[in-house]
Amino acid sequence: MKNNIDYSIFINYLMKGDILAAKKYKEKYIPSKIYKFMKLPEEKDELLQRIEQIIKGKIWMSKKRYLNDPFEFEMIDLMQLSLDERLYYDTCINELEITCFSEMVCNQAMWGYYASGKYGLCIEFSVENKDMLYPVEYIKEKPDYSKIYKNFFARKAQFVGDINLKFPHMPSDDHFAIMEMLQTMFCYKDLSWKHEKEIRCILKSEPSELDKILKNDCEMNCTRGSLHNLSECGIRINKVYFANHKRESVKELCDYICRNINKERYDEFCCNISNVKYEDLQEGVKSGCLSEKYKEIFCGEINFNKK
């Protein structure tokens, strides 16, 4: 995959009205396959619920306050906003939900952070709609988004109140450009996170019936996020990876998930990480996401030095 995206280039295309060039630029940084690492809950009911979600083509998206980076959505400079503008911004971001992926399956940090070392799963998704996905730009200094946000705020009545392009009608190029620029506000992270090689999807939450009843009760689980269809993120499940270890229950779980997703393609869906492509292993080592020592977990009995 190409190096870190530069959203200033993307925004420059949008400001010039060159929507096609902007789309092509962003798409260069979105691979055809992306990966979601996940732990396996120890509590049986929770585990069954997680499996059911995968089989039904659902994905969990979390609210900002429940993400593991305390500075999420804060890697931009908005110092020039008025109080009303800032309050409106804070309201908007609290309605957003996010799910995160990685560009690489051969990423030892991601297996360690999000898949219980090597005892969890990694789901490979095929990307079908790159418009719904945004690469993360890793930065040292915060870019100033005050002008972009003020432009939106002054015209917010022209929009339908949703900042993730869920318009009831086809937006004009001008509206599309503004909404795309707003989306990039949520796609910056500190340089210290660059090893994650993150691709993200950001959607606006839809309140559940329980949310409507409880209103402002932020302690309830329903406010932590919600389930979305994979199609909303422009993706579909392609494979389920499990690691090389002796915990047979994990392989059995993968078997069950994959057979229920697609029996005919079971052999393609269920994949031990020792079967990852040679090119993926090489890319993992080259990018620094996979060490020479850790690659043994991925390679198993495969000779790493032979294609």
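**Reading helix 2, a helix pair and the cysteines**

Modeller: In helix 2 (residues 19–27), the buried residues are Ile19, Ala21, Ala22, Tyr25 and Lys26. Buried means under 20% relative accessible area, exposed over 50%, and partly exposed in between (1.4 Å probe, protein chains only). Helices (H or I, at least four residues) and strands (E, at least two) are DSSP runs, numbered from the N terminus. This is a predicted model, in which local features need pLDDT of at least 70 and side-chain atom pairs count only at pLDDT 80 or more, while totals for chains, interfaces and linings use all residues. Residues are numbered from 1 along each chain as its sequence is written, and side-chain values use heavy atoms, leaving out hydrogens and water.

Colleague: Which exposed residues does the face of helix 2 turned away from its buried side carry?

Modeller: That face carries Leu20 and Lys24. The buried residues of helix 2 are covered by elements including helix 1 (7–15), strand 5 (134–135) and helix 7 (173–184), where contact means heavy atoms within 4.5 Å.

Colleague: How are two packed helices described?

Modeller: They are described by the angle between their axes and the distance between the axes. Here, helix 4 (residues 83–93) and helix 6 (residues 146–154) pack at about 90°, with axes 11 Å apart. Axes are lines fitted to C-alpha atoms, for helices over the stretch in contact, and angles run from 0 to 180 degrees between N-to-C directions. Asp84, Glu85, Tyr88 and Tyr89 in helix 4 meet Tyr149, Lys150, Phe152 and Phe153 in helix 6.

Colleague: How many disulfides does the structure hold?

Modeller: It holds 0 disulfides, a disulfide being a pair of cysteine sulfur atoms within 2.5 Å. For Cys187, the nearest cysteine sulfur, that of Cys100, is 9.7 Å away.
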